[in-house]
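Work through the exercises below with the model open. Try each task before you read its solution.

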Amino acid sequence: MCVAMLVVAACGSAPTFSGIDCGSSTQGPGTDDDAGARDCVWSAYSSGAAVRWTVRSYTIEGDPIPQTLRFDSALGVVTTRDMSADKFSSSTDRRIWTWRCTTMTKIAWVTDPSRYSFKLSNCTGDGATTLFP
């Protein structure tokens, strides 16, 4: 039994997620916004349901920036941003950033008020606030 658990742990399997999965999206120069996933996240969060959304953003130079947003009533809102592949960022910034927050609000885009991102606040970890995506 212990050997099986060690093998699973060594393989790096992701913990099981039980909740609403709003899917995976891609964002960056030349890609479209995924309004459906944003609405999925907001609906779940507003009702207190556990939710997850993953986004792969790209820098102007084309470097991938994977991000994940999760919410559940026990942990609050947790987001990670993997900057390790961003060749043009400072070497100290090339790591996985994590925020654990208690509040998430919608913030309208300046260029198109019908679209929005999420502002996460009252956070611990890598800052007091952040935006997703």
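## Exercise 1: Find the disulfides

The protein has two disulfides, where a disulfide is a pair of cysteine sulfur atoms within 2.5 Å. This is a predicted model; local features need pLDDT of at least 70, side-chain atom pairs count only at pLDDT 80 or more, and totals for chains, interfaces and linings use all residues. Residues are numbered from 1 along each chain as its sequence is written, and side-chain values use heavy atoms, with hydrogens and water left out.

Task: Identify the bonded cysteines and state their pattern along the chain.

Solution. 
- Step 1. C22 bonds to C40, with an S to S distance of 2.0 Å.
- Step 2. C101 bonds to C123, again with S to S at 2.0 Å.
- Step 3. Count the bonded cysteines along the chain: the pattern is 1-2, 3-4.

## Exercise 2: The link of C22 and C40

Task: Determine the handedness of this link, then place each cysteine in its element.

Solution. 
- Step 1. Read the angle about the S-S bond: it is -80°, and the link of C22 and C40 is left-handed.
- Step 2. Locate the ends. C22 sits in strand β1 (residues 20-27) and C40 in helix α2 (residues 35-47). Helices (H or I, at least four residues) and strands (E, at least two) are DSSP runs, numbered from the N terminus.
- Step 3. Note the spacing: C22 and C40 are 18 residues apart, so the pair links distant parts of the chain.
- Step 4. Check burial. Buried means under 20% relative accessible area, exposed over 50%, and partly exposed in between (1.4 Å probe, protein chains only). C22 has 12%, so C22 is buried. C40 has 23%, so C40 is partly exposed.

## Exercise 3: The link of C101 and C123

Solution. 
- Step 1. The angle about the S-S bond is 105°, and the link is right-handed.

## Exercise 4: The whole protein

Task: Count the helices and strands, give their order, and find the share of buried residues.

Solution. 
- Step 1. There are two helices and seven strands.
- Step 2. From the N terminus, the order is α-β-α-β-β-β-β-β-β.
- Step 3. Of the 133 residues, 32% are buried.
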